[in-house]
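Colleague: Hello! I am new to reading protein models, and I would like to go through one with you. Could you show me the structure, please?

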Amino acid sequence: MRAAVRDSLADLPEGSLVLVACSGGPDSLALADTTAFCAPRMGLRAGLVSVDHGLQEGSAERAAAVAAWARGAGLAPAEAVTVQVGAGGGPEGAAREARYAALDAAAERHRASAVLLGHTRDDQAETVLLALVRGAGPRGIAGMRAVRGHYRRPLLGIARGDTHEACAERGLKPWADPHNEDPRFLRSALRPALDSLVAVLGEDLVANLARTAALVGEDTDYLDALALAALDECRAEGGLDAGRLGALPAPVRTRAVRAWLLESGVNGAELNHRHVTAVDALVADWRGQGPAFLPGGIEVRRGGGRLTATQPLR
Ligand SMILES: Nc1ncnc2c1ncn2[C@@H]1O[C@H](COP(=O)(O)OP(=O)(O)OP(=O)(O)O)[C@@H](O)[C@H]1O
């Protein structure tokens, strides 16, 4: 695990601060402990943030206890942050949104160069299976990225069993999140199914699913880069040249459309396959149809050989 953490932080300039996002669960606790060991030996500073979502009994005390442990382990800053979880997007989604907003704010407040998350190889395998179950495209099957913006996932190649073992070896007492066992959450319901598959297909399954994610991730990153370059070639007065866009191969075209929609102000969390397909139909299946309706009241229409995005005044 130390090697994985060291590799993940190797490119950071000396003196940089990394913040571990720690729930107190076994994965992020093992990550925090390992980072507390590795960072100073690499000339880096390491801190910790534990987010209290205020949704479970005792969550404030737990976040405070994690921060107190971290101070004892030499992590600084080490703080518990309480967030207000909104109502939108389901309880899990709303908690995630509030958590990332708090982590972003903490990173900015402390001028941290990276925020470390404790996702493991098993989390990645579950993410890939969940993507397959919902019929996702390559971006979904690529799973979680080792690096995304200032977020890093040093344990993405590490088995969950290893983090539990590391905690036991170091005498750390991780918190067991009851949500992880709650079958109302799809991911939790999937865990026993993945265990059954491993029993039938062998231990390699988890590593293989994680490898699929990495391979698909490389391909999809490449296609995304091609699409961005193609998008620039398609720009026309106030919009996109529909003819040029239509001449692109579908995997590049739909990615270019998606990138353009994000650029045009559509919220990425709300943008789904159906929206992209509706806009793509204006290019690839043009029959004089009316506008495509996007989240946030944004409309995309085709006219005069161009695609334009409008946001009606409200
Ligand atoms: N309340 C929280 N405060 C700070 N970071 C969090 C919190 N909850 C989750 N995280 C971060 O997000 C990662 C993924 O969280 P999630 O709950 O999906 O995973 P998990 O497998 O239960 O991880 P863990 O064993 O660390 O709780 C965690 O490893 C941690 O880095």
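Modeller: Here is a short tour, from the whole chain to single residues.

Modeller: Residues are numbered from 1 along each chain as its sequence is written. This is a predicted model, so local features need pLDDT of at least 70 and side-chain atom pairs count only at pLDDT 80 or more, while totals for chains, interfaces and linings use all residues.

Colleague: How many helices and strands does the protein have?

Modeller: Helices (H or I, at least four residues) and strands (E, at least two) are DSSP runs, numbered from the N terminus. Here there are twelve helices and eleven strands. The C-alpha atoms fill a box of roughly 70 × 50 × 40 Å, taken along the principal axes.

Colleague: And how is the protein divided into domains?

Modeller: Domain bounds come from an automatic or database domain assignment. In this case, domain 1 covers 2-205 and domain 2 covers 237-310. Taken over C-alpha atoms, their centres are 35 Å apart. UniProt, in an unreviewed entry, also places the feature "domain: tRNA(Ile)-lysidine synthase substrate-binding" at residues 240-307. UniProt positions are given in the numbering used here, feature names are shortened, and annotations may be inferred rather than shown by experiment. The span 240-307 is 46% helix and 19% strand, and its end C-alpha atoms lie 5 Å apart.

Colleague: What share of the residues is buried?

Modeller: A residue is buried if 20 or more other C-beta atoms lie within 10 Å of its own, exposed if 12 or fewer, and partly exposed in between; C-beta atoms are placed from the backbone. Of the 314 residues in the protein, 35% are buried.

Colleague: Which residues does UniProt list as a "binding site"?

Modeller: The unreviewed entry gives Ser 23, Gly 24, Gly 25, Pro 26, Asp 27 and Ser 28. Let us take two of them. Gly 25 sits in the loop between strand E1 (17-21) and helix H2 (26-41), and Pro 26 belongs to helix H2.

Colleague: Why is Gly 25 called partly exposed, and why is Pro 26 called buried?

Modeller: Just count the neighbours. Gly 25 is partly exposed because it has 19 C-beta neighbours inside 10 Å. Pro 26 is buried because 25 other C-beta atoms lie within 10 Å.

Colleague: What is Gly 25 in contact with, leaving aside its neighbours within four places in sequence?

Modeller: Two residues are in contact if their C-beta atoms, placed from the backbone, lie within 7 Å. On that basis, Gly 25 is in contact with Pro 174, Trp 175 and Asp 177. With neighbours within four places again left aside, Pro 26 has contacts with Thr 163, His 164, Cys 167 and Pro 174.

Colleague: Which residues come nearest to the ligand?

Modeller: A residue is near a molecule if its C-beta atom, placed from the backbone, lies within 6 Å of it. There are 17 residues around the ligand, and Ala 21, Gly 25, Asp 27, Ser 28 and Gly 118 come nearest. H2 and strand E2 (45-52) are the elements that give two or more residues to this shell.

Colleague: How do I check the length of a helix?

Modeller: The expected span is 1.5 Å times one less than the number of residues. Helix H5 (residues 121-133) has 13 residues and should span 18 Å, which agrees with its end C-alpha atoms being 18 Å apart. Its buried residues, including Ala 125, Glu 126 and Leu 129, pack against helix H6 (138-141), helix H7 (160-169), H8 and H9. After H5 comes Gly 135, with a positive phi near 70°.

Colleague: What does Leu 194 touch, not counting residues up to four places away in sequence?

Modeller: Leu 194, in helix H8 (residues 186-201), touches Ala 125, Glu 126 and Leu 129.
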